[in-house]
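Here is a short tour for you to read beside the model. Please keep the sequence within reach as you go.

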Amino acid sequence: MILAWIRFGLSALCMLGGVFVMTVSIIGLFHFDFALNRIHASAMSDTLGLVLILAGVMIAIGFHAVVWKLLLVLILQWCTSPLCGHMLSKLEYCTDKDLAQHEDLTDAEYREVDAP
């Protein structure tokens, strides 16, 4: 009986942590003005939030075949989320004509980056 309560507590703690991370991410998405900051907030938090929520579900379910499917979902998310964030950042970098005004680089550093 005590082990069931410990498992319930760990599961609830993981799920609440995941919900907290996702909520902070949503607040960050609406708070930031620049697209690259919003992409970073969403890409970092969806991976951590999903890990915590799926860990809570895996603890709650116990050792069943569903855990392997959830682990596969987690691995696929870990592979695709950074790639998606990188591609969106690259798109913003290539298409934003006013990117220089968002950077903290001095003029000399900016010319070195653009130099062939």
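The report below goes through the helices, then a surface patch, then the cysteines.

This is a predicted model, in which local features need pLDDT of at least 70 and side-chain atom pairs count only at pLDDT 80 or more, while totals for chains, interfaces and linings use all residues. Residues are numbered from 1 along each chain as its sequence is written, and side-chain values use heavy atoms, with hydrogens and water left out.

Let's start with two of the helices. Helices here are DSSP runs (H or I, at least four residues), numbered from the N terminus. The expected span in the table is 1.5 Å times one less than the number of residues in the helix.

| Helix | Residues | Length | Span, first to last C-alpha | Expected span |
|---|---|---|---|---|
| H1 | 2–31 | 30 residues | 43 Å | 44 Å |
| H3 | 65–95 | 31 residues | 45 Å | 45 Å |

In both rows the span is close to the expected value.

Now for the insides of these helices. Buried means under 20% relative accessible area, exposed means over 50%, and partly exposed lies in between (1.4 Å probe, protein chains only). In H1, the buried residues are Ser-11, Cys-14, Gly-18, Val-21, Ser-25 and Gly-28, and their cover includes H2. H3 buries Val-67, Leu-70, Leu-74, Ser-81, Gly-85 and Glu-92, and these residues pack against helix H2, which runs over 35–61. Contact here means heavy atoms within 4.5 Å.

Arg-38 sits in H2 and is partly exposed, at 31% relative accessible area. Leaving aside residues up to four places away in sequence, Arg-38 touches Leu-29, Phe-32 and Asp-33. Between Arg-38 and Gly-28, the C-alpha to C-alpha distance is 6.9 Å, with the two 10 residues apart in sequence.

Which residues make the nonpolar surface patch? Phe-63, Trp-68, Leu-71, Ile-75 and Trp-78 do, over about 590 Å². Patches take residues with over 30% relative accessible area and no salt bridge, joining nonpolar side chains (Val, Leu, Ile, Met, Phe, Trp, Tyr) within 5 Å and like charges within 9 Å. A salt bridge is a side-chain nitrogen of Lys or Arg within 4 Å of a carboxyl oxygen of Asp or Glu. Areas come from the Shrake-Rupley method with a 1.4 Å probe; for residues, only the protein chains shown count as cover. Trp-78 belongs to H3 and is partly exposed at 43%.

Finally, the cysteines. How many disulfides (cysteine sulfur pairs within 2.5 Å) does the structure hold? It holds zero. Cys-79 is exposed at 52% relative accessible area, and Cys-84 is partly exposed at 44%.

Notes: A disulfide is a pair of cysteine sulfur atoms within 2.5 Å.
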